[in-house]
Amino acid sequence: MTTFFEPRQLVSPGTLLAEGNYQPGFNVYRDDGKYYASMVGLADIRNNVISVIPLRGCYIPQPGDVVIGKVVECISTAWMLDIRSPYQGVLFASEFLSKPLNPLKEEARRYLDVGEMVVATVMAFDRTRNPSLTARDHGLGKIHRGTVIDVDFTRVPRIIGKKGSMITMLKKETGAQILVAQNGRVWISGKSRDEEAVIAEAIRKIEAEAHTTGLTDRVREFLVNKRR
Amino acid sequence: MSQRIVPTVKRKQIIELSESGRRMDGRTLTDYREITIQTGLVEKAEGSAMVSIGGTKVVAGIKFEVGDPFPDIPNEGVMQVGAEFVPFASPEFEPGKPDEVAVELARVVDRGLRESKVLDTTKLCLIPGKKVWIVHVDVYILDHCGNLIDTAALAALSAMLSASMPEACVDGDTVRLTGRRIPMPITDIPINVTLAKIGNKLFVDPSFEEEEVLDCRFSVAFKENGMLCAIQKGESGYITPEEVLRAVEIAKDKSQEIRKKVVESLKLKSDKVGES
Amino acid sequence: MSESKIERLISEDGIRCDGRRLDEIRPIKFQLGVLKNTDGSAYVEWGRTKILVGVMGPRESHPKHLALSDKARVEAYYRMASFSVEEWKSPAPSRREVELSKVIREALEPAIFVEFFPRTSIDIFIEVLQADGSTRCASISAASLALVDAGIPMRDLVASIAVGKVEGKLVLDVQDKEDKAGESDMPMAYMPSKNAVTLLQMDGQITHDEFLQSIELLKKGCIEVYKKQKEAIESHFKSAVSNGEEA
């Protein structure tokens, strides 16, 4: 049992990480009893699980993820949503409306049209079919107000912060409603458009400086200065 | 091109059978299927050959024309190899533009012939810098049962070896054909050998069903003197350096066997192959 | 022909026309993340060979009927700019470019975990801006960095280099002049940590012994290229390692 990396060491595809009795986590694969990175990122070991925190990549849906999708197609009893992934999400009418939709009598786009955005959770996904979404739980559904910005999905954990520290600070400092979706979209609803723009700018700053120390304090300072 | 689905049951069967050195069609791993060579089938061509390896059937024809030399080699003739996939050769072939498979095939066959200097192109110059012989070598895939490269290469070679070229008289700036035929300036008999890597075994002359499940393909061409003159690894799998060395060893032996067969079939004297 | 015979490409003491030793590679500079509109990109200057690679994907396959139900469809498009060579080249893809696109794709695909992304496409666009030999090797090596930059999961980086025979001697990393005048050219692509050859081609004439030596030389050369690829990744992402606060 040996590992060949320092914690948080930068690794890339093919880097030998360990040999012996471990579990391969995210972005790690096993070949002939050896563990290799499959992605550029930072190597990590926790409870015998070796993984690589990715620095690049696209969003792959996981059941339970909260995502923000943009409607790209209305089909008779469902909507196809761009969720910034290679796979479009499917939102069936039954997972969006509280009453059944009869496609002979009414059009799906009456309720949700192309271009509109929805907060949803991923119910199931196995890569052989498109991920199915639901928007029926509390806090989910069509977005009526506020701003949505796209961020690098690998930065999502940083925008949320350790145990939600960053997002809690952002909300506390600004009083705005902010939702960071796993697929790299952030919904911001503040008192004014100006307010929303400032928050968006702060989030850009987190994205750009994701891997530096003391970031939460610097972002707080930034907000205080901007809102003065 | 339709989707290639690897039949996993068949792959397992082929790999497990190969553990005891056998194959689905009864061959050992280093056997070729039966090779037949028939030349002179197309009288209007300067040379032609119908070659089959097992069920794979390819016809090749040679045509000569007078044309312009390439600017960088103004005093040499030009050899051009083309490959056509006839739609009835396989349900996967579609009529129309040659796809990358046909382009690769033609270029691999071309390299084996060209790099071995099978044809002495310096003897195909008519008026230096102005007029040279252009030799078209075209192979038509008629029936695809695996190992197109070796079959096509053998057809092209056999057609060339059996060809005779038009005699030309040069008078100032004009080229006149005498109507007589003269031997081709042939200098070598290059042989291409293809192996498939399936699992950790190498299969000489892969059949269609072996090609369906292979990891990758490896082709190497040898000159008569044993020198290597072309290599091509194909398909989206990998091969280890050790396997490459082994493949070349096997292919070297097989190339000698096939060359013997060519010499016998075409009744050539292998040291002066041009004078058929 | 006669002109190239007069100019010696290798001196008495084994130095090549550009000052390199027989087994010395040219200066190689890789750079990641050079394009904005792609999912991943890389640029390489390999001696005077200059190539830009952009990767799009994994994304939905278009047209949809080309999608594969069990894996991502990988396509490579190797194209030479019309001004990249001595004489103007027609921008329409030649047969050579069609074949190279195929073998480059086949050199990269074994590295990619294509089975992770069924029904999607990964497109690798290669634009040769200036060609001075070994363009397929430089393309493959740069493309594997563009794939890393796109965050596409891979088994290893694919490193590639060519060995040629010039004036009877084997030389590593063939430049254009040596390729044109040389007796053979043998490019190889290799995943060092998997001991996997993913591309191997040869044209020209070599003996069996020279072939064995070439394979050794190619492995050594690929490992040198591999080191440079790793350095480029390191330098591109180094800001991420600097004692970051954990997310």
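**View 1. Domains of chain A.** Chain A splits into domain 1 (2–54), domain 2 (66–142) and domain 3 (147–226). These bounds come from an automatic or database domain assignment. The C-alpha centres of domain 1 of chain A and domain 2 of chain A are 36 Å apart. The model is predicted: local features need pLDDT of at least 70, side-chain atom pairs count only at pLDDT 80 or more, and totals for chains, interfaces and linings use all residues. Residues are numbered from 1 along each chain as its sequence is written, with chains lettered from A and ligands numbered from 1 in the order in which they are written.

**View 2. Chain A against chain C.** Here 27 residues of chain A contact 31 residues of chain C (C-beta atoms, placed from the backbone, within 7 Å). The chain A side holds 13 nonpolar, nine polar and five charged residues. Ala, Val, Leu, Ile, Met, Phe, Trp, Tyr, Cys and Pro count as nonpolar; Asp, Glu, Lys and Arg as charged; the others, Gly among them, as polar.

**View 3. Chain C against chain B.** Chain C and chain B each put 28 residues into this contact. On the chain C side, α2 (95–108), β9 (196–206) and α5 (208–241) each give two or more residues. Helices (H or I, at least four residues) and strands (E, at least two) are DSSP runs, numbered from the N terminus. The largest share of that side, 11 residues, is from β9(C). By class, the chain C side has 13 nonpolar, eight polar and seven charged residues.

View 4. Strand β12 (residues 228–234) of chain B runs antiparallel to β9(C), joined by four bridges. Strands pair if DSSP finds at least two bridges between them. Leu228(B) has Ile206(C) as its bridge partner in β9(C).

Key. Contact = placed C-beta atoms within 7 Å.
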